[in-house]
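User: I am new to reading protein models. Could you take me through the features one by one?

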Amino acid sequence: LHMGKTMKEDLTVVVKYIKQLYPPEFNVFSTYAELYHNYFASQAKKNAESHLEDKDIYLLLSWVHNIYPKDMRRDHVLAEELEKVKLGSLLPSSLSNDLEKKYLDSEEATIKNSLSKCLDKEIQRWKEDKEPEKLNGHFQSELLAIFVIQSIYSGQKRAKDISAAVGEELSHRLSKELPAFLKSYKDAFEDFKEKSKKHRYYKPIIIANINNCWNFRDYTEKNMAEKDDNKASILSTLGDIENSGFDVLLQQLFAQLKPIYKKFTENKWDSSNEIMNEIIKTTSKHISDFRTLKDPFYHAIIEKIHTRLVKDYIVRLLKRKVSLKTPAQQQNLAQHISKNAADLEAFCTSNGSQATWLNSALPKLAEIIRLQDLGAIKIEVATLATTYPDIRKRHLEAFLYIKANLSRGELKSILGYLADSTASTPPGAPLFSNINVS
C-alpha cells in the first residue's frame, strides 16, 4: 500500500511539474515509471516467493490483477503517459499462476469446510428439544440456506474481484458444491426421518426442512442456466427431500382414511354422503397442521391430498363389489357419486387446492353410469380418455361391471373404442396409471 501510494503520488508530480522541465527526447516520465515499476515488481516477486498466508495471497493477487493495472495505471492523470511506457505485470505469469492455484485450492477447501460445519450445526439443532423458529407463520431454519448460498456466492464474488478468469475458475470448481451439499443434507434428513420418529417436534422439524428447500430452489431457478446439469441435479434432490417430507406428513392421514373408504363398498354406496362427510372431517383435522408450510409447499401437499381422495374413491368404484341391473339403480348411484364429487371438490378448493384437472374425473364416471344409450356412453368414455389419457381397458372394464345390463357385445364395443382412442396417447397427469386393478 505504501509503495503503491508513493508511486502514484510521485508519478503524478512527474507528469504535472517535472516532465516539462526536460526536453521531450529525455522521456523523463518513462524513466521514472520504469524505475518505480521495476522496484515494485521486485518487491512483489520477493513476497510471492516467500511463505504467504491465504489473506496475503489474495491481497497480492488483487494488486497484480486489479489494483495495480486498474486503479493505478488507469488513473486519469497517469493513464495517457503510462500507455506509452508499456509496463509489464507486477509478477511473471508462472509465479502469478502458482499463486492463483494456491488461492483457488485454499478457497475451495475453506468453502467446503464451512458448508460441512454448517450442516453439522443444523443436524445438531434437529436433535435439540426445541420447536423450530417460525417466520410469517411458517416453520423454517432460514439461516441454513442463507449461509450456504452466501458462502458460495461470496467466494465467487471475491474470486471475480481478483479477475474474471480466476472468478470463472472458482465458479467452475464450486459448481458441484451445492449439489454435493444438498445430497449430504438429504442423507442427514432421511437419517433424522427414520431415527427420530419419537422426537417431540418431529413434524415441525420435517416441515421446517421442506420449507428450507424453497430458498435453495429459488436461488437455483434464478441463477443457473437451464442447460446446466447441476441445475437438474439440485432440483431433483430438492424434490426428493420435499416429497420424502410430504410422505411423513401424510402417512397418518392416509392410514386413517383407508378403513373409511372401505365403507363405500361395504354399504353398497347407500350411505355414501355420510362416509364422504367422515372423509372430509378426518382430512380437515390434518390440514390445519400443514398451514405452517410455505405457500408453494402447502399447495403441493393439498394437491397430493386432493389426488389421493379422488384416486381412492375411484379404487372403490373399480372393486367389482356392486353390480346394478336397472337404469333406476344406476341413476341412483350416479347421483350419489355426483354429490360426493361436488362435496370433495368444494372441500379441496376451499382449502387451496389448485388441482382443477381432477375435478371432472368423478362426474364423468357418474355420467357413464347414468347413461343408457350406447352411443352416448361411448362419447362420454372418449371424453374421459381425452381428459385422463392414462386410463386403460382394465380400468374401464372393472368400472363397467357396475352396469350389469350391458351385453357382452356392447361391453366389447365400448372397450374397443377406448383402446383405439388411447393407443398412441402418452400419459398426462397421472391418475389411473397409479391404480392397480385386481
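The dialogue below covers domains, a helix, cysteines and cavities.

Analyst: A word on the source. This is a predicted model, where local features need pLDDT of at least 70, side-chain atom pairs count only at pLDDT 80 or more, and totals for chains, interfaces and linings use all residues. Residues are numbered from 1 along each chain as its sequence is written, and side-chain values use heavy atoms, with hydrogens and water left out.

User: Into which domains is the protein divided?

Analyst: Domain bounds come from an automatic or database domain assignment. Here they give domain 1 (1–91), domain 2 (100–243) and domain 3 (268–418). The centres of domain 1 and domain 3, taken over C-alpha atoms, are 80 Å apart.

User: How many residues does helix H9 have?

Analyst: Helices are DSSP runs (H or I, at least four residues), numbered from the N terminus. The expected span is 1.5 Å times one less than the number of residues. H9 covers residues 202–223, which is 22 residues. From first C-alpha to last it reaches 33 Å, close to the expected 32 Å.

User: How many residues of H9 are buried?

Analyst: Buried means under 20% relative accessible area, exposed over 50%, partly exposed in between (1.4 Å probe, protein chains only). In H9, 16 of the 22 residues are buried, so the helix is largely enclosed by the rest of the structure.

User: How many disulfides does the structure hold?

Analyst: A disulfide is a pair of cysteine sulfur atoms within 2.5 Å. This structure has zero. For Cys-118, the nearest cysteine sulfur is that of Cys-213, 14 Å away. Cys-118 is buried, at 9% relative accessible area. Cys-348 is buried too, at 3%.

User: What lines the largest cavity?

Analyst: Rolling a probe the size of a water molecule over the atoms shows where empty space is left. On a 1 Å grid over the protein atoms alone, a cavity is a set of points where a 1.4 Å probe fits but cannot get out; lining residues have an atom within 4 Å of a point. A volume is the space filled by probe spheres set on the points, which are joined across faces, edges and corners. The structure holds two cavities of 30 Å³ or more. The largest has a volume of about 60 Å³. Its lining includes His-306, Leu-344 and Pro-363. Helix H13 (327–350) gives the most, with three residues.

User: And what is the volume of the second largest cavity?

Analyst: About 40 Å³. Trp-269, Arg-316 and Ile-402 are among the residues lining the second largest cavity.

How values were computed. Helices (H or I, at least four residues) and strands (E, at least two) are DSSP runs, numbered from the N terminus. On a 1 Å grid over the protein atoms alone, a cavity is a set of points where a 1.4 Å probe fits but cannot get out, and a pocket is an open set with protein on both sides within 12 Å along at least five of seven lines; lining residues have an atom within 4 Å of a point.
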